[in-house]
Amino acid sequence: MNYTREEIVVLLHKALNEKLMDMVEIISAKSEKISANLYVVGGFVRDLLLDRPNVDFDLVIEGESLDAAPEIAEIMRKEFGGRIILHRRFGTAKWILPSKLANELGLDILDFAATRSEFYEEPTKLPVVQSDNIGRDLYRRDFTINTIAISLSKSNFGEIIDLWNGVYDLNNKRLDVLHGKSFDDDPTRILRAVRLEERLGFNISDRVLVMIEESLGLLEKVTADRIRHEIEKILSEDCPENILARLCVLGIGKAICDELDCKNDRWLMEKFALVRSFDFVNNISSVYFGLWLYDLSEEEIGAVSHRLNLASSLKKSLIQVCRTKSHLNVLANDINPSVIVEILDGITEVAMQILLISTNDAVVMENIFQYYNKFRFVKPTLNGDTLIEMGLDSGPDVGRILAKLRAAWLDGDIYDLESEKKLAMKLVGDN
Ligand code: CTP
C-alpha cells in the first residue's frame with residue numbers, strides 16, 4: 001500500500017494531539033527560517049503505519065551542518081522554556097519540555113537530530129559522524145522498516161520518503177537490512193532484529209538469517225553495557241520468553257557468552273507467563289533474568305554477571321537463588337516456620353520471587369508465601385538491652401538468644417510478652 005500526503009496527515013492527526021500538531025508546525029516554521037527541512041523518522045513512522053502507539057517522536061533536521069538540530073532546539077527553548085541536553089559531536093539535542101507544556105503535548109522530551117551519515121572505523125566501535133542529507137541519514141539505519149521518513153516541512157508536509165522499500169517490507173511483515181555490512185557496523189542489531197521480529201510479528205528475511213549466522217562472532221567484541229542494554233530491552237517487551245527462545249535457536253545467546261545458551265523450553269514459557277500474573281512483582285526484568293538463568297551454577301552466574309556487567313544487586317539475587325534452590329526440597333515438607341525462616345532469611349525480594357515462581361510444588365510455594373507475607377516480619381518484643389538487664393553479658397550470645405526468641409514466636413512456643421520473658425529468663429539462666 002502506498003500512502004498519499006493526505007492519508008499521512010490524517011494518520012498524524014490521529015496519533016498526535018492537537019497541541020503537539022501545532023508544535024510540529026511551529027518547529028517546521030523555525031526550521032524553514034534557517035533553510036532546514038524537518039522530518040519525523042524511525043520507530044514512530046514505522047508504528048504510525050502499523051497503527052501501533054509510539055511516543056518516541058524523533059525529529060530529524062536536514063540543514064547546513066550538524067549544528068542545525070542544536071540550533072532549532074535552542075530556539076525552541078528560548079521561546080518556550082525547559083532545558084536542552086546537547087551532543088554536538090553527534091548533532092543531537094534533547095529538549096526537556098517545561099512541565100506545563102509537557103502536560104499539554106503529552107510528552108516530556110522532544111529529540112532533535114541533524115541528518116548525518118556515519119562511518120565505522122572499526123566494527124563494534126561507535127561511528128564517526130558527519131552532516132549529510134536525509135537519504136544518507138536513512139541509509140545508516142538498521143532495518144528497511146525503520147528508514148521511512150515523513151516530511152514535516154510546509155512545502156510537502158506529510159510526504160513519505162521511502163528509499164529502501166520500507167513500506168513494502170512493512171506490508172509484507174518482513175524484517176530486512178539495507179546492506180550486507182549492517183551487522184558489521186553494529187552487531188547489537190542482531191539482538192534488535194530478533195526483538196523487533198517478535199514484537200511486530202514479522203519474519204526476519206532469509207538473507208538476514210544467513211547474515212546473523214555469519215556475524216555471530218562479532219557479538220563477542222561488543223561491550224558488556226551495550227549487550228546488557230539490548231537484553232534489558234528484550235526483557236521489557238510484552239513476551240520476552242519468545243525472544244529468548246529465538247536467541248537460543250539462532251545461537252545468539254551462546255555467541256554472547258557460553259553460559260547464555262540456556263532455556264528454550266515450556267518451563268520458561270510457563271514461568272514467564274506466571275510472572276506477569278503476579279502483581280506484586282515490581283522488578284519484572286530482574287525476575288525474568290533469574291528465571292532465564294535458573295539452571296546455572298554459581299560459577300556460571302559469575303561468568304554471565306561479568307560478561308553483562310550486571311548490577312551488583314541483581315548478581316546478589318541470582319547467587320542467592322542459586323544457593324537457596326538446593327534447599328527447596330526441605331521447603332516441600334510440612335516444617336516449622338522457624339525452619340522456613342532459617343532458609344529464606346536475608347534473601348532479596350527479587351530472589352524470593354524468583355524462587356516462588358520457579359517451583360511447581362504447592363507446599364514450597366505456600367511456605368515461601370507465608371515467609372513473604374508473614375514470617376519475615378515476626379520479631380521478638382524484647383531487645384538486647386532487656387536481656388543484658390536480665391544478667392546476660394553483652395556479646396554474640398545476645399543475638400543468639402534473640403534468634404531463639406524469634407524462632408519460639410514463629411513456632412508458637414511463646415505467644416505473649418509474659419511467655420516471652422519467661423523463656424528469655426530461662427535462656428539467659430542456661431547460658
Ligand atoms: N537504529 C539503528 N541501529 C541501532 C539502533 C537504532 O539504526 N543499533 C536506528 C533505527 O532506525 C531506529 C532509530 O535508530 O528506528 C531509533 O532508535 P531506537 O529508538 O532505539 O529504535 P526504535 O526503532 O524506536 O525501537 P524501540 O521502539 O524498541 O526503541
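Ser153 sits in the loop that runs between strand E8 (149-151) and strand E9 (160-161); strands here are DSSP runs of E with at least two residues, helices are runs of H or I with at least four, and both are numbered from the N terminus. The model is a predicted one, so to speak of local features takes a pLDDT of at least 70 and side-chain atom pairs count only at pLDDT 80 or more, while totals for chains, interfaces and linings use all residues. Residues are numbered from 1 along each chain as its sequence is written, and side-chain values use heavy atoms, with hydrogens and water left out.

Ser153 counts as buried because its relative accessibility is 8%, buried being under 20% relative accessible area (1.4 Å probe, protein chains only). Beyond its neighbours within four places in sequence, Ser153 touches Ser28, Asn37 and Leu38 (contact: heavy atoms within 4.5 Å). A polar atom of the Ser153 side chain lies 3.0 Å from the backbone nitrogen of Leu38.

Then there is the largest pocket, where 42 residues make up the lining and Asp58, Arg116, Arg140, Arg192 and Lys233 lie nearest the centre. A pocket is an open set of points on a 1 Å grid over the protein atoms alone, where a 1.4 Å probe fits, with protein on both sides within 12 Å along at least five of seven lines; lining residues have an atom within 4 Å of a point. Helix H9 gives the largest share of this lining, six residues.

The second largest pocket is lined by 18 residues, and Ala15, Leu16, Phe44, Pro53 and Asn54 lie nearest its centre.

Key. Buried < 20%, exposed > 50% of the residue type's maximum accessible area, 1.4 Å probe, protein only. Polar contact = N/O pair within 3.5 Å; in protein donor to acceptor, adjacent residues only side chain to side chain.
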